[in-house]
Amino acid sequence: MKEAVPAESLSRQQQPAPRQESANQGRTFSWIIPLLLAAVMGALLTYYYNQESGINAEVKALHLQAEQAALDGKYKEALQLLDAALALRPDVDALIQDRQITAKAFNLMNQLNDAATSLKTGKLSAGDKTIQAVSKALKEREEPIFAKVRAALSNRKVTLAVLKVKKEIDSLTTVEGLADKLKTVSNLNGKEAEAVEKQIVDKLTGISYKQAEQQVKKKNFTAALQTVDQGLSYAPEEVKLTTYREEILREKKAFEKAEEERILLAEQQAAEEELRNRTGAVSVVELTAELDIYGDLHISGMVANKGTRPIWSIALIININSTDGDYIGETDAYVYPVTLDTGEQGYFETYYYGVYEAADVSVTNATWYLE
């Protein structure tokens, strides 16, 4: 008779079945773990790639912003953007090189700003020296980033040229000298050049006006018109000169009319004087007649030159009448000295023989020559 098997022993006899399940589970984990590791590594790589791509995109954006700022002349802002990009990618050659170029442009612009300050404070020599240094440095640069620097340099050169002219015009006192400086400034651009140009025109106008005014006072109207026209050739829109030119023309016309009248009057006066010199220059200022003991009549007297020219060889015809008015005769007399200047007097005397009575005498005619 068989003996009964205890429950615990059965239990042990049935254990091989659980060991089979454990083996199956081990084989499952052996291929799951690599997959998990691969997934984790993939995720990490994806994260790293995305992160690096984001940094690259940010650096690129900063680089582009810096480039635009530099081209706009905002060099300080461009340097800040480049520094931010270099903080993320310190080994990128393009960033390093662009920062060096931008720093150079920034430095040159600062030098030009210093030159502007020197020019504003009247330190032309210092400003000129700085401008020349920047100009020399720019000859070695062709990058577009220096365009704003070149524009600033051009402006500083204009300012310097304008200030040099402004300093010189204070000592100029002629239209020709000012016209030469006006030609120099007219080739420059900018508000400063326009201001100095106006200053030159104003001074040139004043000199022309004053000079013409002095010429008008001397009645030299032709010269005055030439002076005004010269001023207008450099400042054609100056109302002061155009108005004064019209005034000169009016005064010239009035003067010429008065001159014509004066000449006509002078000609009339000259004709009258000539007539007087020829017909009325000799004036008898004294005439006496005395009967001497022999019955002869002694006649003497004085004449004066009332003309405006010297006269000479003066001859008189003296008429002799009785006290009753009866005609007795006539005689000649000559005046001494031979020549009488204007206003001078001469003496004459003569005899009429055989009168034997008192008589009246008168000068009926006189002749003379004009010098």
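Reader: Phe255, buried or exposed, or in between?
Author: In this predicted model, Phe255 counts as partly exposed, with 29% relative accessibility.

Reader: And Phe221, buried or exposed?
Author: Phe221 is buried, since its relative accessible area is 5% and the cut-off for buried is under 20%.

Reader: How many aromatic pairs are there in total?
Author: The count is four aromatic pairs. One of them joins Phe221 and Phe255, with 5.4 Å from centre to centre and 50° between the planes, and it is classed as tilted.

Reader: Why does that pair tie together parts that are apart in sequence?
Author: Phe221 belongs to helix α9, residues 221-234, and Phe255 to helix α10, residues 239-279, so the pair links parts 34 residues apart in sequence.

Reader: Switching to charges. What lies over the face of Tyr209?
Author: Lys240 does, at 4.7 Å from the centre of the Tyr209 ring.

Reader: Now the sheet. What is the strand order?
Author: The order is β1-β2-β6, an open sheet of three strands with antiparallel pairing.

Reader: Which strands stand at the edges?
Author: β1 (282-291) and β6 (345-352) do. Each has a single partner strand, so one side of each has no neighbour in the sheet.

Reader: How are neighbouring strands turned against each other?
Author: By 15° on average, with direction ignored.

Reader: How many bridges between β1 and β2?
Author: Nine, in the antiparallel sense, with β2 covering residues 297-305.

Reader: Which residue stands opposite Leu291?
Author: Leu297, which is in β2.

Conventions
Residues are numbered from 1 along each chain as its sequence is written. This is a predicted model: local features need pLDDT of at least 70, side-chain atom pairs count only at pLDDT 80 or more; totals for chains, interfaces and linings use all residues. Side-chain values use heavy atoms; hydrogens and water are left out. Rings of Phe, Tyr and Trp (its six-membered ring) pair if their centres lie within 6.5 Å; planes under 30 degrees apart count as stacked, over 60 as edge-to-face and the rest as tilted. Helices (H or I, at least four residues) and strands (E, at least two) are DSSP runs, numbered from the N terminus. Buried means under 20% relative accessible area, exposed over 50%, partly exposed in between (1.4 Å probe, protein chains only). A charge sits over a ring if NZ of Lys or CZ of Arg is within 6 Å of the ring centre and within 35 degrees of the ring normal. Two strands pair if DSSP finds at least two bridges between them. Axes are lines fitted to C-alpha atoms, for helices over the stretch in contact, and angles run from 0 to 180 degrees between N-to-C directions.
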